[in-house]
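Have a go at each task before reading its solution.

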Amino acid sequence: MTIFISGGNKNGKSGYAQDAAVKLAGGGKLYYVATMIPYDDEDRTRIERHIENRAGMGFETLEAGRDIQKVFDSADESGTFLVDSTTALLLNEMFPNSHSEKADENAAQRCISGLLEIARRAKNAVFVSDYIYSDAARYDEFTEEYRKSLASIDRALAQ
């Protein structure tokens, strides 16, 4: 089974996704695919909070800030995979270093391919994404490209 969860930033999606993944796993192998690469203290605090929130739930954490499909190099596809989040994965793929002046135009397609590979191969997969493209404001070129790319990833996962 595949579940796609999308919603506002910091609104409880991860906790909801963790509960859903545990239920889907039914006592089987459970993987938390962590996509965030921390860049500052706020990121590190957020990661620590997520680790605390899933303590004792049975998750094995797989770090996958890029090349998401490589999770199968160290994980059993008969398990349940919680990917949190597609939002962070896309950021890492689009801007592989902090000095990037141009977004990688192939990042969204790489993310889609890798995420759909997980959906196809895993017994169960839960994907978490931030819904950041609903307002009518216009942003700088980088942000607009990022929002457009995330929307394409979300559409692919929803299908």
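**Exercise 1: the main core**

Task: find which residues touch the most other members of the largest nonpolar core.

Solution: Of its 29 residues, the ones touching the most other members are Val33, Ile68, Val71, Phe81, Leu90, Leu115 and Ile118. A nonpolar core here is a set of buried Ala, Val, Leu, Ile, Met, Phe, Trp, Tyr and Cys residues joined through side-chain atoms within 4.5 Å, with buried meaning under 20% relative accessible area (1.4 Å probe, protein chains only). Next, look at who contributes: strands S2 (30-34), S4 (80-84) and S5 (124-130), plus helices H3, H4 (107-121) and H5, each supply at least two residues. H4 gives the largest share, 6 residues. Apart from this core lies another, of 11 residues, including Ile5, Leu30, Phe59 and Leu82.

This is a predicted model, so local features need pLDDT of at least 70 and side-chain atom pairs 80 or more, while totals for chains, interfaces and linings use all residues. Residues are numbered from 1 along each chain as its sequence is written, and side-chain values use heavy atoms, leaving out hydrogens and water.

**Exercise 2: two packed helices**

Task: work out how H3 packs on H5.

Solution: Start with the geometry: H3 (residues 86-94) and H5 (residues 141-158) pack at about 130°, their axes 10 Å apart. The contact's residues divide into 8 nonpolar, 3 polar and 2 charged.

Technical notes: Axes are lines fitted to C-alpha atoms, for helices over the stretch in contact, and angles run from 0 to 180 degrees between N-to-C directions. Helices (H or I, at least four residues) and strands (E, at least two) are DSSP runs, numbered from the N terminus. Ala, Val, Leu, Ile, Met, Phe, Trp, Tyr, Cys and Pro count as nonpolar, Asp, Glu, Lys and Arg as charged, and the others, Gly among them, as polar. Buried means under 20% relative accessible area, exposed over 50%, partly exposed in between (1.4 Å probe, protein chains only).
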